[in-house]
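Please read the points below with the sequence and the model at hand.

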Amino acid sequence: GMQRNALPDLLRGWFGPSAGKPGTQFLVRFSPSPDGWWVEPIGSAAMELTRGEILAFPSLEAAAGYSSAPPRGEVVGERIKLPGVHDPERDFAVRVSGDSMDGGAVPLRDGDWAVLRWQRQAPLGAVLGKVSLVVREDGSHVLKRVIKSGGSFALQSDNPDHDLLPAGAGDRPLALLESV
């Protein structure tokens, strides 16, 4: 999803500023993953990365932008491997769609996997100030920060180019963002 080659920055992050310089020999492994290729460092100079299995809903559009259409038919989950350790009873992943949450301390970019923790039956007030997957009254799903605005709840983007969305009476949080 980037317009430039991010591999040099990734390698320097794993191996330090000498990565790629003459006389060095740092190794990485590329392997297929659900969204293209997974790259990981190998060898003693690299930090250990783990990939945990998690339930994902790749067909569920989690709009980090304006509300998308509600899902058509049954949303089917599948097991995939993503970096990190995940609680299979409480965590799941969805693909981010749009750029409204591309900002703040933890940007959500179009195409990212958002790892979420179920918050079934919680009212909007229980997730105040947090990034949540919210099910809108019309059945669509949005990733937004739940805030109070003028005495009522609203759904805020972390990208300042997007407007505040008033929360509807039937909007409810489905999950909280755990990681990207």
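1. Salt bridges. The count comes to five salt bridges, a salt bridge being a side-chain nitrogen of Lys or Arg within 4 Å of a carboxyl oxygen of Asp or Glu.

2. Basis. This is a predicted model, in which local features need pLDDT of at least 70 and side-chain atom pairs count only at pLDDT 80 or more, while totals for chains, interfaces and linings use all residues. Residues are numbered from 1 along each chain as its sequence is written, and side-chain values use heavy atoms, with hydrogens and water left out.

3. E40 and R29. A salt bridge joins the side chains of E40 and R29, at 3.4 Å from N to O. This pair links distant parts of the chain, with E40 in strand β2 (residues 36-42) and R29 in strand β1 (residues 27-33), 11 residues apart. Helices (H or I, at least four residues) and strands (E, at least two) are DSSP runs, numbered from the N terminus. E40 is buried, with a relative accessible area of 16%, and R29 is partly exposed, at 41%. Here buried means under 20% relative accessible area, exposed over 50%, and partly exposed in between (1.4 Å probe, protein chains only).

4. R117 and D91. The side chains of R117 and D91 form a salt bridge of 2.7 Å, N to O. R117 belongs to strand β6 and D91 to strand β5, so the pair ties together parts that are 26 residues apart in sequence. R117 counts as buried at 19% relative accessibility, and D91 is buried at 4%.

5. D171 and R136. Between the side chains of D171 and R136 there is a salt bridge of 2.8 Å, N to O. D171 lies in the loop between β10 (165-166) and β11 (172-179), and R136 in the loop between β7 (131-135) and β8 (141-149), so this pair ties together parts 35 residues apart in sequence. D171 is buried, with a relative accessible area of 6%; R136 is buried as well, at 13%.

6. Surroundings of V28. V28 is placed in strand β1 and is partly exposed, with a relative accessible area of 28%. Leaving aside residues up to four places away in sequence, V28 touches L11, W14, F15, V39, E40, P41 and I42, where contact means heavy atoms within 4.5 Å. V28 and P41 are 13 residues apart in sequence, and their C-alpha atoms are 4.2 Å apart in space.

7. The loop between β5 and β6. G104 is found in this loop and counts as exposed, at 60% relative accessibility. The C-alpha atoms of G104 and N159 are separated by 7.4 Å, although these residues are 55 residues apart along the chain.

8. Overall picture. Among the contacts with a separation of 6 or more, 60% are between residues 24 or more positions apart.
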